[in-house]
Amino acid sequence: MRQRTYLSPTLRDVPADAEIKSHQLMLRAGFIRQTASGIYSYLPLGRKTLRKVEEIIREEMNEAGGQEVLMPAIQPAELWEESGRLGDYGPELMRLKDRHGRDFVLGATHEEVITTLVRDDVQSYKKLPMNLYQIQTKYRDERRPRFGVLRSREFIMKDAYSFDTSQEGLDRSYDAMYNAYQNIFSRCQLDFRAVEADSGAIGGTDTHEFMVLSEIGEDTIAYSDQSNFAANIEIAPIQMTYIKSNEPLGELEVVDTPNVRTISEVSEFLDVNANQTIKSLLFIVDEQPVLVLVRGDHEVNEIKVKNAFNKATVELATPEQAAELLNCETGFIGPINLPKSVTVIADKAVEAIVNGICGANERDKHVKNVNPDRDFNVLRYEDLRFIQEGDPSPCGKGIIKFAMGIEVGHVFKLGTKYSEALGATYLDEKGKTQTMIMGCYGIGVSRTVAAIVEQHHDENGIVWPTSVAPFDLHLVTINVKDQDQNELGEKLYNSLKQQRFEVLYDDRPERAGVKFKDSDLIGLPIRVAVGKKASEGIVEVKVRKTGEMIEVPVADLQATLT
Ligand code: ATP
Ligand code: MG
Ligand code: MG
Ligand code: MG
């Protein structure tokens, strides 16, 4: 590709609103441009890099038995109504109407569409298991789009969905995807960890996230330095001592658990549906403001502050206000420091309050004159504290360390949530109708590109790993007005292309300094510079990563490069 007419505009200055390196560098090196907040265009270099990552994903998905499909970005809202997610998904779901006033959504994910596709066209166990995937554009109206394509409102995702006839089958499909993800992110040269995750709004139980380690990551990972234990802090163990009340008016029993527990274990204590993690917690601080933290996405979108026990109204507060009340930092059940001695009530009681049920002196059914210790099944956690760095690892080996991570992939065992809601059934060997068992598996393709830049750059620019670099080589003719240089440059451009190298050829009439700076900024793995020694048939080869430079006679160039 000739750079003279290539749309690869480079910028010398760091764009003001780009906070992190990958965002700055992708803008400066001419990979992306912002079209609207959280909405980006990919320029040719960006598009090529995306394709490289997509190809790695395709190869590994196909190898794992995936079949590629392409589903629409626009989905009828009824489908989401049928699955029960239209309300649940919240303001992240972009909604639109057609000219007839029919409701549609822009696909934030595709469980509904794929499930109805398979429902309509797969009837027999003989067709199963099946794994379908696509690489396609997703829309999520993120509350805080930021960091360039790392968290955008329109982005490219690879999403795969598996359909099985048994739990063991699902386990196998899940493991195949898990392994494919290990391969994909390794091939992208990412330093990552697979961590236990929280199933959140999508439902289901078993789930792992693939986290690229990076200090700008928005998730905190707790991991053991001497074992495989790794979890998103959202579900990372907490340590606690608590006082548990027995039945409604029962005696308070002090239970001391020095053990580490996971939040899901805690939810069991709190009598929350076993498959769910805690949806809401009431924090009663100094017997007054009651905070309902609604567990959903990683960021708290809203916190319901309720001056509960004598009013049934629910007011909304910002996370900041809530944090101030709690004297903690914003963020959900993350690494926040709760004040000592808080009372926590889980889902059921919260629901009772929010629903405004009053009356009989029955457990969980008071609004007026409610005394938490008397009328609710209250669990009081004294010194509720999340696991800290340096704590012993829950598996007994090593100590806990924290790291920040960028979620690039996520695998879920969905079970029958969507197949049940949308009627995806099949006939088994005995002709009996059974519900398909599903899994879903996502990779943020555009986010992965940004994560690669985040981990592969230096002070001069991007340092692309060979596997995903938009081109293999940057051929730079230092002075195109010099006849020897120009001729050799042209000759090499053609021969290197014939040798199946992907070549970006800097044939621009720019100064050497500009060309070298741009070359480092764009960050192709190898630079071949044609300069003063062109007349002697000698070029200079530079390895972007190490800075190593050697002079090579043109005759030896191909051998040097391979
Ligand atoms: P996050 O926690 O970062 O909001 P998510 O858990 O909501 O991500 P999933 O629903 O698991 O995302 O989607 C699968 C993958 O899509 C994620 O692992 C991530 O790599 C990517 N992804 C999700 N949201 C975005 C976004 N706004 N911009 C770019 N990529 C995204
Ligand atoms: Mg999200
Ligand atoms: Mg997430
Ligand atoms: Mg996720």
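Let's start with one residue. Q134 counts as buried because 20 C-beta neighbours lie inside 10 Å. Buried means that 20 or more other C-beta atoms lie within 10 Å of a residue's own; 12 or fewer is exposed, in between is partly exposed, and C-beta atoms are placed from the backbone.

Some housekeeping. This is a predicted model, where local features need pLDDT of at least 70 and side-chain atom pairs count only at pLDDT 80 or more, while totals for chains, interfaces and linings use all residues. Residues are numbered from 1 along each chain as its sequence is written, and chains are lettered from A and ligands numbered from 1 in the order in which they are written.

Back to Q134. Where is Q134 found? Q134 is in strand β7. Strands here are DSSP E runs of at least two residues, helices are H or I runs of at least four, and both are numbered from the N terminus. Leaving out residues up to four places away in sequence, Q134 touches E68, V69, L70, M71 and D159. Touching, or contact, means C-beta atoms, placed from the backbone, within 7 Å.

Now the pairing. Two strands pair if DSSP finds at least two bridges between them. β7 runs antiparallel to β8, with 10 bridges joining them.

Next, the ligand. How many residues surround ligand 1? There are 16, and the closest are F155, H410, G442, G444 and R447. To be near, a residue must have its C-beta atom, placed from the backbone, within 6 Å of the molecule. β8, β21, β24 and α12 each give at least two residues to this shell. The largest share, four residues, comes from β21. By class, the shell has three nonpolar, eight polar and five charged residues. Nonpolar here covers Ala, Val, Leu, Ile, Met, Phe, Trp, Tyr, Cys and Pro; charged is Asp, Glu, Lys and Arg; the others, Gly among them, are polar.

Now look at the open sheet. Five strands form it, in the order β28-β27-β29-β30-β31, with mixed pairing. β28 and β31 stand at the edges with a single partner strand each, so one side of each has no neighbour in the sheet. The twist averages 25 degrees from one strand to the next. Those angles run from 0 to 180 degrees between N-to-C directions, with axes as lines fitted to C-alpha atoms, for helices over the stretch in contact. β29 and β30 run antiparallel, joined by four bridges. R527 stands opposite K542 in β30. Helix α13 packs on the sheet, touching β27, β28 and β29, at about 160 degrees to β27. Helix α14 packs on the sheet too, touching β27, β28 and β29, at about 175 degrees to β27.

Last, the inside. The largest nonpolar core has 102 residues, and M177 and L475 touch the most other members. Such a core is a set of buried Ala, Val, Leu, Ile, Met, Phe, Trp, Tyr and Cys residues joined through C-beta atoms within 7 Å. Helix α6 gives the most to this core, with eight residues.

One more helix. Seven of the eight residues of α1 are buried, so α1 is largely enclosed by the rest of the structure. Just after α1, G30 takes a positive phi of about 80 degrees. Thanks, everyone.

Technical notes: Two residues are in contact if their C-beta atoms, placed from the backbone, lie within 7 Å.
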